[in-house]
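Here is a short report for a reader new to this structure. Look at the model first, then read on.

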Amino acid sequence: DSGVTQTPKHLITATGQRVTLRCSPRSGDLSVYWYQQSLDQGLQFLIQYYNGEERAKGNILERFSAQQFPDLHSELNLSSLELGDSALYFCASSVDPGTPSGWGWSYNEQFFGPGTRLTVL
Amino acid sequence: ELKVEQNPLFLSMQEGKNYTIYCNYSTTSDRLYWYRQDPGKSLESLFVLLSNGAVKQEGRLMASLDTKARLSTLHITAAVHDLSATYFCAVDGDTGNQFYFGTGTSLTVIP
């Protein structure tokens with residue numbers, strides 16, 4: 001158990017709908033990352049937040065958006081869903097690079113949540 | 001364009017044999033990460049390699065990093081069935097704020 005939680009585990013919805021995926025990072029981690037994993041695209045980095053602010057953007061569609069709240073949990077919103085959006089969505093968290101940890105400096109090792117499997121019918 | 005390429009993509013090996021998975025990348029990152037994913041499960045961090053020449057070992061797995069060649073290897077010694085999984089390497093982007101995964105190597109260890 002990585003300490004990262006994601007809800008829901010499974011989500012089945014129809015095309016055109018909107019869904020929200022939720023992620024709670026490990027205690028003490030300030031960075032949250034979102035990834036999409038599909039058979040044809042592999043593991044794609046979507047977006048990163050650090051302490052409430054967007055830090056980096058990857059291959060995230062305009063129909064998708066995310067935010068990180070003051071309590072550090074994050075939500076990924078997917079709208080106008082298409083069949084091709086069916087995938088496993090992972091959230092990961094990390095201690096941001098340059099942050100002191102118990103054994104020195106913690107680097108960008110990420111700890112992954114169990115994922116949300118989204119099926120769009 | 002940034003690339004993280006692994007080979008082979010699929011590997012079927014007999015128990016007790018040795019093999020190496022290769023990860024080539026195109027960023028200037030001096031850090032590289034290896035993850036394991038079991039079917040339908042999440043990713044588990046295996047190794048974090050932080051500098052050129054870094055070598056880490058855990059059980060039957062050993063990872064190394066050559067930043068000059070932009071190459072990391074994951075060596076499997078005397079494979080056992082429990083090692084069957086997909087292995088991903090990953091690197092930081094050049095700005096340090098993105099993360100790029102390799103294509104993955106699906107390993108099946110046959111008794």
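## The interface

Four residue pairs are in polar contact between chain B and chain A, both residues being at pLDDT 80 or more. A polar contact is a pair of N or O atoms within 3.5 Å; within protein, one must be able to donate a hydrogen and the other to accept it, and residues adjacent in sequence count only if both atoms are side-chain atoms. On chain B, the elements that give two or more residues to the side touching chain A are β4 (32-37), β5 (43-49), β9 (85-92) and β10 (99-101). By class, that side of chain B has eight nonpolar, six polar and three charged residues. Nonpolar covers Ala, Val, Leu, Ile, Met, Phe, Trp, Tyr, Cys and Pro; charged covers Asp, Glu, Lys and Arg; the others, Gly among them, are polar.

In contact terms (heavy atoms within 4.5 Å), 17 residues of chain B meet 18 residues of chain A. The two chains bury about 1,500 Å² between them, 56% of it on carbon and sulfur atoms. Buried area is the accessible area (1.4 Å probe) that two parts lose on being put together, summed over both.

## How the model is read

The model is predicted: local features need pLDDT of at least 70, side-chain atom pairs count only at pLDDT 80 or more, and totals for chains, interfaces and linings use all residues. Residues are numbered from 1 along each chain as its sequence is written, chains are lettered from A in the order in which they are written, and side-chain values use heavy atoms, with hydrogens and water left out.

## The sheet of chain B

Five strands of chain B form an open antiparallel sheet in the order β1-β3-β8-β7-β6. Strands (E, at least two residues) are DSSP runs, numbered from the N terminus. Two strands pair if DSSP finds at least two bridges between them. The edge strands of chain B are β1 (4-7) and β6 (55-58), each pairing on one side only.

Inside chain B, β3 (residues 19-25) and β8 (residues 71-76) pair in the antiparallel sense over six bridges. T20(B) stands opposite H75(B) in β8(B).

## The sheet of chain A

In chain A, four strands form an open antiparallel sheet, ordered β1-β3-β8-β7. β1 (5-7) and β7 (64-68) of chain A each have a single partner strand, so one side of each is left without a neighbour in the sheet.

Three bridges join β1(A) to β3 (residues 19-24) of chain A, and the two run antiparallel. T7(A) stands opposite R22(A) in β3(A).
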